[in-house]
Structure formats: C-alpha cells, structure tokens
Amino acid sequence: MTRFGRFIARNFVLVLGFVVLLYLFAPIVVVMLMSFNAPKSRLSYTFDGFTVDNWLHPCRPFGLCDAVSTSLRIGLLATVVATALGTLMAFAMVRHRFRGRSATNLFIFLPMASPEIVLGSSLLALFVSSGFGGRLGFWTILIAHVMFCLSFVVVTVKARLAGMDSRLEQAAMDLYANEWQTFWRVTFPLVFPGILAAALLSFSLSFDDFIITNLNAGTTVTFPMYVWGSAQRDIPPQINVIGTAMFLLALIFVLAGELGRRRRERTRS
Amino acid sequence: MTSDLVLTGISKQFAGHRAVDNLDLTVPAGTFFALLGPSGCGKTTTLRMIAGLEEPTTGSIRLGDDEISGLRPYKRPVNTVFQNYALFPHLDIFENVAFGLKRRKVKDYQPKVEEMLGLVELKDYGKRRPAQLSGGQQQRVALARALINRPQVLLLDEPLGALDLKLRRQMQLELKRIQTEVGITFVHVTHDQEEAMTMADTIAVMNRGLIEQLGSPAELYDLPATTFVANFLGQSNLIRAKIIGQSGEDLVVDVHGRKVIVPLARCRVTEGEVWLGIRPEKVFLAPADSEDGDGSNQLRGAVVTDVSYVGVSTQYLARLPWGQELTVFEQNTGAREAFSAGDAVDLHWRPAHSFLLDAAQDALAGVEDVD
C-alpha cells in the first residue's frame, strides 16, 4: 500500500467527517461570499466583484428591511406566546393524570407530523370561512406560527421535565419552601434550559417558515416571502447580507453558551 | 424543645392496596428510632406521612400537643434526608445547606451554614456543586441541609442505601454520634436489620403495613414475638413442637418425641402446636452421646451435613432424625474441635435461649426478604 493509501485508511472516518461538514456548510459559505458581491446585472448568480457596499446599505432594496422587521416581530411574538403556552401544557402533561392524556399527547404530536401545505391550506380555509378572509396579515400569520411552534415547545419542555426528579420539589417543600417558592427556586431553574431551547427553536421555525406563512399572509410580506418574490425578478445581494447576519447571530449565541458552560465547569473544579 | 411523635390509627390506602394499616406508634423525644422492614412493608409511606408528602387516609399524627397531619410539608417542624439525597443540582453546597434557613428568613445564616458544614466535615466544599462530590459527601450534605433547621424530628429514608459497605459502617457510627450530639429525634427507615440494630435505641419491625414488634435491638433479637421478626432480624431455627405440660416456671414441650423445656416467660402461647425457636449461635454441637447436659435441652442423633468455615466462626448444618436441618454457628475459639460432614452429633441449648411462637404463623415469614 502506498503511503497515501495508508493515510487514507487510518484517517478515513476523519476525512469522511470533513466531507460531510463541507456538504453541510457549502451553501452557507456561498451565501456569505455572495453578500460581498457586486453583480453586473440584476439576475446575476455569479461573483462579479468584491464590495462591502451591501453590508453598509442593507436596506437599499425596496421593502427588504420592512420584511425583515415583520419577520422579527412575528418571530418574537410567536416565540413568547408559544413558549408560555407550551410550557404550561408540558407541565400539565407530565405532572397531572387526567382523562384523555394520551390522546392529547397524540394531538400535540400531529402538527409536527403533518405536511405544512396541509396545515397552511386548512388554516386558510378556516380563516376565510370564519370571516377573516379580508383581514389576512400580521395577526393571521402570528396565529399560524404559534400553532406550529406550540408542538415543538411542548415536546422539548416535556422531555426536560420528565427527566427531572420530583423528589427535588418534595425536598424543597420539606425545607420550608411553599408552592410558589418551590416553583421559582427549584422547578423553574431546573427546567429553564429546556424552555430556552424551546424558545430558540420556536424563533427559528417562525423566522424561517414559508409555506404556511405564504398561504395566510394576505398582503403582508415576511422575509422568506420577500426572498421568494425577489428570486422571480432579481436577487438583491443584500438578501445574502441578512442571511449571513442571521447565521452569525446564531453562531454567536451558540458560542457564548458553550463558553459560559466551560467557564462554569472550570470554576467548579 | 423536642416532644414525642405520636401516630394514632394511621392508615394509607392507595389505589388497590393498603400500604399502612391502622398503625399506632409513639416515638419518644430525643431517641434514635428505626422503622425496619422489607420493601413494600409501608415504612417509607409512614415516613412520608410524617413529613407531609403523603396524607394519611385515616388517623392523626401529633407532635407533642400539636396535630400536624393535614399541614403542608413546609409548615411542619420536621425535615427529611431523602433516599439518593435529592440535593439541588443547580445550587452549590453552601446554598443547598442554606436553603431551609433562607426560606424561613433566618437572618445571619452564613455562620450557621459554615458551622454545619464543619459538623459534617465539608468546610471547604461550600462552592462546589453536588455532582462534584462523592456519594458519602453528598450524603453528609443532605444530612447538613436537614439538620441545620433544628427540626423536632429528623426523618431519614434509607439514607445509607447508596453507599458501599465500608462507608456505610462509617456513616452509621457518624449518624449515631451526630444524633447524640444534637439530641433531635431521628426516625430512620431501613430494610437493613444490621443498620437498624447498630444505630437505633428502639426498632419497630414492620411487615405488610403493620408493626410486628417494637423494642430495643436486644429485646427483638433475644425474644422475637413472631416468626417474621425471628427470621428478619438475624436467623432462627424454628422446630415444630407441641406443648404437653408445665413444670414450675417452665413449659414442657414435645419435639418429635423428645421432651425439652422452655421458660414460661419466653412463650407467646401456652398450649397446642408451637414453633420452638433457637438462634443458631445459641446451639452447641457435641459428639454423639458424649455429654449428659447439665439442665440443658438436648436433641440427640443428629448428623452434620454441611460445614462452612467463615473465619471467626464455622457454620454447620445438622440434620435431625426427622429430616429437618438446623443451622449452628460455632465460634472458632479453638476450645472445641471442629466437626466434619457425616459426624454424628448431639445438639444442646439452654432453655433460657429458646422461645415459643404460635404455630399458626408461617415458619418462613421474613426469610426470603433478607438481602
């Protein structure tokens, strides 16, 4: 066997891993590069020249920043509502035995398993038949987003809650904490990582959603709809700026979380 | 400061089964009290009812003159050391121990916490998290977290169950020392008879939601009231017998055609079929027909069927003429020769070492439950 062959044999798994990572990140790298593109024509998909102009004027294309702002507002509101509701539901599901509990479990899982196009069109039918057909927009999108985020929140928080030893709460009660104190001093801090994960998941689901949103948006335009719409006519490179910024923001969140975790561990040992 | 804990007519009904059945129990103030029994006997349920984590179906729990059943757990002057400790994983050791004081808005709690950490020898561990401590250290944190509140009664739910044998022995002595030092009533739930005997002043042996017998470790061991106690605390040889008469302060008992005597004070029944009980270390082996027995009971014509040498003692199985095998422990003092399998032997014991139990009970009760 040649030396190169031996190298491959020894590092096969590593090499394979890098190839998979490359496959995963290639599209993001393209988006990042294109955010610095100075296209020659309006429908250019090629890298024609380098510029930071797009980063300095991200709002130049008409309607882009309005769409981003709409998406952010819907995302934040949907996250808050879905996380609050979903957390309460998860507590009910884990902590209480009631009739129809397993059926409820199934119903909560159903929206995750259903195709978005089905959910979106049935919601549209619901809105129209109940007289909201003329008022589709921000609020109907919000209602739709809360609906599909809810299942993910319940599932995420439930997993965290189920893994929590109920004796911890009993110990708190035994140590003179009343119900309210027990919840805020023991239950909530222990379940919080699950709630945070659920909130982040909700936000990214909401910010990213196209199919359900598109069906129930009326004349309102969210960021994914803006991207879709502009892809028909022209591709403003600023879209790549927004995409890159969102990716970097997420990256910073993850890195900060990881750094915080490592620092806590260092101070402990 | 402390007062007696009195349980009256306590029952706990769960869906489908009765965990605790009309239990009466008085735990004197300042004692180390053990609730001993196999798993599922209702001892943990009893403890949880005292703590307020379960409500009794019927009955009352009083602490001195105060009725505490019906109060929420945080209203009771009682603290618990949980099985597997239930330390708060998101708080450091200092905050775990300070938890109860802070909830009661005790001012100036820092020196108290430091002092308590000193008592359980964890002074420098305040900044660590529970997960960074060993099992024994976590156990001591759990103890400190409960004790710092100076409860009237401290409840311990199998607190040493998760520790290895050596550490368990050490913690048994430690717990006993701390209890003597602080003078608080300890109610300790365990299925380990040795643990209960080592630590407790008084043991209540529980079985199927009822208390079988209550007394000091020596009383329970020396004169068990039921076959369950006889088998669950240590081992017992139980031989089928029949009371045939009385002679002075003794009852005369027929054991498969041989007469033996048992002091009247050691008999739970005075007529009919009985179980004659003798502890294995109270039975002596002698070569066949070698001794006359100066007032001791004898069963002749036995054969050694098994010999296990365990260092300090040797454990024999001796088969009696009617086929039953008795267990005999002989100390290896060197004063007597050892026997081997197949030797013909006589069994001797002093009448005051035997006891009589009602034959209506199962001779094997409590046997299979021993670990």
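Which residues of chain A does UniProt list for "transmembrane region"? The unreviewed entry lists 12-36, 74-94, 106-130, 136-161, 182-205 and 239-259 of chain A; UniProt positions are given in the numbering used here, feature names are shortened, and annotations may be inferred rather than shown by experiment. This is a predicted model: local features need pLDDT of at least 70, side-chain atom pairs count only at pLDDT 80 or more, and totals for chains, interfaces and linings use all residues. Residues are numbered from 1 along each chain as its sequence is written, while chains are lettered from A and ligands numbered from 1 in the order in which they are written.

- The end C-alpha atoms of residues 136-161 of chain A are 37 Å apart.

**Domains of chain B**
- Chain B has domain 1 (5-222) and domain 2 (227-358), with bounds from an automatic or database domain assignment.
- The centres of these two domains of chain B, taken over C-alpha atoms, are separated by 39 Å.
- Seven residues of domain 1 of chain B are in contact (C-beta atoms, placed from the backbone, within 7 Å) with five residues of domain 2 of chain B.

**A sheet in chain B**
- An open sheet of four strands in chain B runs in the order β2-β1-β4-β5, with antiparallel pairing (two strands pair if DSSP finds at least two bridges between them).
- Its edge strands are β2 (17-27) and β5 (66-67) of chain B.
- Five bridges join β1 (residues 5-14) and β4 (residues 58-63) of chain B, and Val6(B) has Arg62(B) in β4(B) as its bridge partner.

Note on methods: Contact = placed C-beta atoms within 7 Å.
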